[in-house]
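Dear colleague,

I am handing over a structure that will be new to you, and the notes below set out what was found in it. Please read them with the structure open beside you.

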Amino acid sequence: MSLSTIHSASCPSLPITDGTTSHEILQGEIKGARIFFTTFAAPRSHYILPVTPISNRILFFYKGSGTIMQDSRVFPINEMCLFVPRPLVPFVVSPSSHFTALEIQWSLRENNTDLEDLASSFQHYPFFQPYSTARTYKEEIKSPKTTSRTLLPPYIVPRVAIGSVQTTGPDAVAKHSHPMLEQLFFSLEDNECTVECDDQSKSLAGADVLHIPLGSTHGVTVEEGKNLHYIWLDFFLEKEGARWISDMHKDVM
């Protein structure tokens, strides 16, 4: 029996204008998280992004090229990458070709340890992770041929971790559950797989974003001749839940 319905959304055709364009998706799906598809149009020289109080901003750039600058540090973007700016400090995005990003605005709780944890991880900001140099890990629910990457380790952004899964069919991510976290899947362009949650199944392809129902038993399959390649985004209900990542994900040496 299904615990809840699988909800998903696709990247809309955002107009390319002389500025930024954002489209919010899956509103209210995950408490504390706002999810956007955001574009930065070229050839405008730069965009100065304002701060967002009591929140972390996370950007996964998956199209375009250019640079990001914060704290006098310049980060070149010529492949997929994840960027987390230092909170409460403006940063500059300078596209040389149109940027498209999946953007997460994650609200921090003022009445628990989020702000303390943020302060203790401040030395990691701004955080920048190119896709090609991300650390890889193994997990029992995945086959030996699967490549799994860690893009945002836990404890940098309070109660958030992000990574990816990549393999070719036929293959599968075995069914499992994790009631301590909310999860999104973001499909990359070459991905074409099927997500199964309890008694439901849903295709995941293109630039789809899918919410895994909290507490569901879920898995992913990919057919022969097709690719499985998606980003997972974990939002932990409590700080202690992030230990699950350390227990399940074993870094490849």
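Predicted model: local features only at pLDDT ≥ 70, side-chain atom pairs only at ≥ 80, totals over all residues.

I begin with the open spaces. The largest pocket has a volume of about 200 Å³, and of the 14 residues that line this pocket, those closest to its centre are Arg135, Thr150, Pro153, Pro154 and Asp251. Strand E9 (127-130), strand E11 (147-152) and H2 each contribute at least two residues to the lining of the largest pocket, and E11 gives the most, with three residues. Sorted by class, the lining of the largest pocket comprises eight nonpolar, four polar and two charged residues.

The second largest pocket holds about 160 Å³ of space, and among the residues that line it are Ile30, Lys31, Trp106, Arg159, Glu182 and Phe235.

A search of the whole structure finds three cavities of 30 Å³ or more, and the largest cavity has a volume of about 130 Å³. Of the 19 residues that line the largest cavity, Glu139, Lys142, His176, Gln183 and Trp232 are the closest to its centre. At least two residues of that lining come from each of strand E13 (171-176), strand E14 (181-187), strand E18 (218-222), strand E19 (227-236) and helix H2 (243-248), and by class the lining of the largest cavity has 10 nonpolar, six polar and three charged residues.

His176 is found in strand E13 and counts as buried because its relative accessible area is 16%, while its side chain reaches the backbone oxygen of Ala174 at 2.8 Å. His98, by contrast, is found in strand E8 and is partly exposed, with a relative accessible area of 34%. The side chain of His98 reaches the backbone nitrogen of Ala42 at 2.9 Å, and His98 and Gly64, although 34 residues apart in sequence, are 5.1 Å apart in space, C-alpha to C-alpha.

Charged side chains are the next topic. Side chains of opposite charge can pair when their charged atoms come close, and a search of the whole structure finds 12 salt bridges. In one of them Asp71 pairs with Arg86, the closest N and O atoms being 2.6 Å apart. Asp71 lies in the loop between strand E5 (55-70) and strand E6 (73-77), and Arg86 in the loop between strand E7 (81-84) and E8, so the pair ties together parts that are 15 residues apart in sequence. Asp71 is partly exposed, at 34% relative accessible area, whereas Arg86, at 19%, counts as buried.

A salt bridge also joins Lys239 to Asp117, with the closest N and O atoms 3.2 Å apart. This pair links distant parts of the chain, since Lys239 is in the loop between E19 and H2 and Asp117 is in helix H1 (residues 114-120), 122 residues apart. Lys239 counts as partly exposed at 33% relative accessibility, and Asp117 is buried at 16%.

Which partner does Glu196 have in its salt bridge? The partner is Lys175, with the closest N and O atoms 3.8 Å apart. Glu196 lies in strand E15 (residues 192-197) and Lys175 in strand E13, so the pair ties together parts that are 21 residues apart in sequence. Both are partly exposed, Glu196 with a relative accessible area of 27% and Lys175 with one of 45%. Elsewhere, salt bridges that share partners join Glu192, Glu223 and Lys226 into one network.

Finally, there is a charged residue without such a partner. Asp208, found in strand E17 (residues 208-212), is buried yet has no salt bridge, and the nearest side chain of opposite charge, that of Lys202, is 7.6 Å away. A polar contact of 2.6 Å does, however, join the side chains of Asp208 and Ser10.

With best wishes

Notes: Residues numbered from 1 in each chain as written. Heavy atoms only, no water. 1 Å grid on protein atoms, 1.4 Å probe; cavity = no way out; pocket = protein on both sides within 12 Å on 5 of 7 lines; lining within 4 Å. Points joined across faces, edges and corners; volume = space filled by probe spheres on them. Helix = DSSP H or I, 4+ residues; strand = E, 2+ residues; numbered from the N terminus. Nonpolar A, V, L, I, M, F, W, Y, C, P; charged D, E, K, R; others polar. Buried < 20%, exposed > 50% of the residue type's maximum accessible area, 1.4 Å probe, protein only. Lys, Arg positive; Asp, Glu negative; His and termini not counted. Salt bridge = Lys/Arg side-chain N within 4 Å of Asp/Glu carboxyl O. Polar contact = N/O pair within 3.5 Å; in protein donor to acceptor, adjacent residues only side chain to side chain.
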